[in-house]
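User: I would like to go through the labels given to this model and see what each one rests on. Please set the values against the cut-offs.

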Amino acid sequence: MAESLWQKPNATLSHKNACKEFSLTEEVLIEAMKSGKLQYQINYAHGNPYYKLLRGEVEALALEMHGAKGIAEQKIEYELKKTNTGINSCKRKLTALEKQKFVLTEALKKLRD
């Protein structure tokens with residue numbers, strides 16, 4: 001059954017994302033892997049190695065370290081950060097589109113004159 005968890009969508013995450021999402025350090029994750037608290041697989045992206053971890057085990061470790069309130073707080077902060085990133089991305093796209101609209105409008109005016 002543990003093998004099937006590795007294949008399910010959103011059941012795994014990289015050690016880097018685990019650090020960001022659950023406010024853990026790499027040292028804590030590596031110690032937990034060495035002690036057997038976390039199962040892991042070594043994967044490669046563009047030739048660079050990273051640890052692939054089971055989300056449920058990382059959540060349990062974070063719960064043990066930070067408590068339920070800390071986990072809830074961290075999830076909200078992580079989602080807020082993702083939302084702000086999305087908003088900023090949309091603002092940049094909107095600015096670029098407005099500039100393009102201005103250039104095209106000016107070109108159209110010149111053609112009509």
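Analyst: The model is a predicted one. A place to start is K52, which is in strand β3.

User: Why is K52 called buried?

Analyst: Buried means under 20% relative accessible area. K52 has a relative accessible area of 18%, so the label buried applies.

User: What is K52 in contact with, leaving aside its neighbours within four places in sequence?

Analyst: The contacts of K52, with those neighbours set aside, are W6, T12, L13, Q39, Y40, Q41 and N43. Contact here means heavy atoms within 4.5 Å.

User: Why is I42 called partly exposed?

Analyst: I42 lies in strand β2. The label buried needs a value under 20% and exposed one over 50%, with partly exposed in between. The relative accessible area of I42 is 47%, so I42 counts as partly exposed.

User: Which residues form the nonpolar patch on the surface with I42?

Analyst: Y40 and Y44 form the patch with I42, and the accessible area of the three together is about 360 Å².

User: What is the strand order of the open sheet?

Analyst: The order of its three strands is β1-β3-β2, and the pairing is antiparallel.

User: What makes β1 and β2 edge strands?

Analyst: β1 (12-14) and β2 (40-45) each pair on one side only. Within the sheet, neighbouring strands are turned by 35° against each other on average, direction ignored.

User: Where does helix α2 lie?

Analyst: Helix α2 (residues 15-22) lies across β1 and β3, and runs at about 95° to β1. After α2 comes S23, with a positive phi near 55°.

User: Which residues of α2 are buried, and what covers them?

Analyst: H15, A18, C19, E21 and F22 are the buried residues of α2. Their cover includes β1, α3 (26-35), β3 and α4 (55-112).

Methods. Residues are numbered from 1 along each chain as its sequence is written. This is a predicted model: local features need pLDDT of at least 70, side-chain atom pairs count only at pLDDT 80 or more; totals for chains, interfaces and linings use all residues. Side-chain values use heavy atoms; hydrogens and water are left out. Two strands pair if DSSP finds at least two bridges between them. Helices (H or I, at least four residues) and strands (E, at least two) are DSSP runs, numbered from the N terminus. Axes are lines fitted to C-alpha atoms, for helices over the stretch in contact, and angles run from 0 to 180 degrees between N-to-C directions. Patches are made of residues with over 30% relative accessible area and no salt bridge: like charges are joined within 9 Å, nonpolar side chains (Val, Leu, Ile, Met, Phe, Trp, Tyr) within 5 Å. Accessible areas come from the Shrake-Rupley method with a 1.4 Å probe; for residues, only the protein chains shown count as cover. A salt bridge is a side-chain nitrogen of Lys or Arg within 4 Å of a carboxyl oxygen of Asp or Glu. Buried means under 20% relative accessible area, exposed over 50%, partly exposed in between (1.4 Å probe, protein chains only).
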